[in-house]
Amino acid sequence: MANAIYPLAKEALANKEMDLNLDTLVAYLVDGADYTYSAAHSVLADLPAAARVDVTATLTTPTIALGVIDTDNSTFAAAAGDVSEIVILYDSTSDNLIAYYDTGITGIPVTPNSGDITLTVNASGWFAL
């Protein structure tokens, strides 16, 4: 699977059901053996608990400039669990899965070992609309 913006997140953005500047955004570190992307997925319940290896604190300094969505880098603190091949951007205010990444994330795949794992957002942001 290639990186993707969840179609229902696009719909939520178009319907003004999400505000990526004001909502609480986090990123999940995900075990690809326990999760398979589906365009029909839209909420956290669609991401099985067994697949959720760790979650960041609230992503800081969200910006939207020229259609590019960006945040500061973050950390998966004291991450432990299965090998993780996926990062999912999630809006916890609106309960929307936003974007799926299995390529282009520095350090992924990673084997968590109870240490911190730095999430480095791409220099060009999370994605562009």
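Modeller: Two strands pair if DSSP finds at least two bridges between them. Helices (H or I, at least four residues) and strands (E, at least two) are DSSP runs, numbered from the N terminus. The model is predicted: local features need pLDDT of at least 70 and side-chain atom pairs count only at pLDDT 80 or more, while totals for chains, interfaces and linings use all residues. Residues are numbered from 1 along each chain as its sequence is written, and side-chain values use heavy atoms, with hydrogens and water left out.

Colleague: In what pattern do the helix and strands follow one another along the protein chain?

Modeller: The protein chain contains 1 helix and 10 strands. Read along the sequence, they give β-α-β-β-β-β-β-β-β-β-β.

Colleague: What is the radius of gyration of the protein chain?

Modeller: The radius is taken over C-alpha atoms, and the globule rule is 2.2 Å times the number of residues to the power 0.38. For 129 residues that rule gives 14 Å, and the chain is close to it, so it is as compact as a globular protein of that length; its radius of gyration is 14 Å.

Colleague: Which residue of β8 stands opposite Ile-88?

Modeller: Tyr-28 has Val-55 as its bridge partner in β3 and stands opposite Ile-88 in β7. β7 is in turn joined to β8 by 5 bridges, running antiparallel. The residue opposite Ile-88 in β8 is Tyr-100.

Colleague: How many residues of β7 are buried?

Modeller: Buried means under 20% relative accessible area, exposed over 50%, partly exposed in between (1.4 Å probe, protein chains only). In a regular strand the side chains alternate between the two faces of the sheet. In β7, Ile-86, Ile-88 and Tyr-90 are buried on one side and Val-87, Leu-89 and Asp-91 on the other. The strand (residues 86–91) is therefore largely enclosed by the rest of the structure, its buried residues being 6 of the 6.

Colleague: Which residue in the hairpin of β7 and β8 takes a positive phi?

Modeller: This hairpin has 4 residues between the strands. The phi in question is near 60°, and the residue is Asp-95.

Colleague: Is Ile-108 buried or exposed?

Modeller: Ile-108 lies in the loop between β8 (96–101) and β9 (113–119). Leaving aside neighbours within four places in sequence, its contacts (heavy atoms within 4.5 Å) are Leu-29, Ser-84, Glu-85, Ile-86 and Val-87. With a relative accessible area of 19%, Ile-108 is buried.

Colleague: Which strands are at the edges of the open sheet of 3 strands?

Modeller: This sheet has the order β4-β5-β10, with antiparallel pairing. β4 is joined to β5 (residues 68–70) by 3 bridges, and Ala-65 stands opposite Val-68 in β5. The strands that pair on one side only are β4 (63–65) and β10 (127–128).
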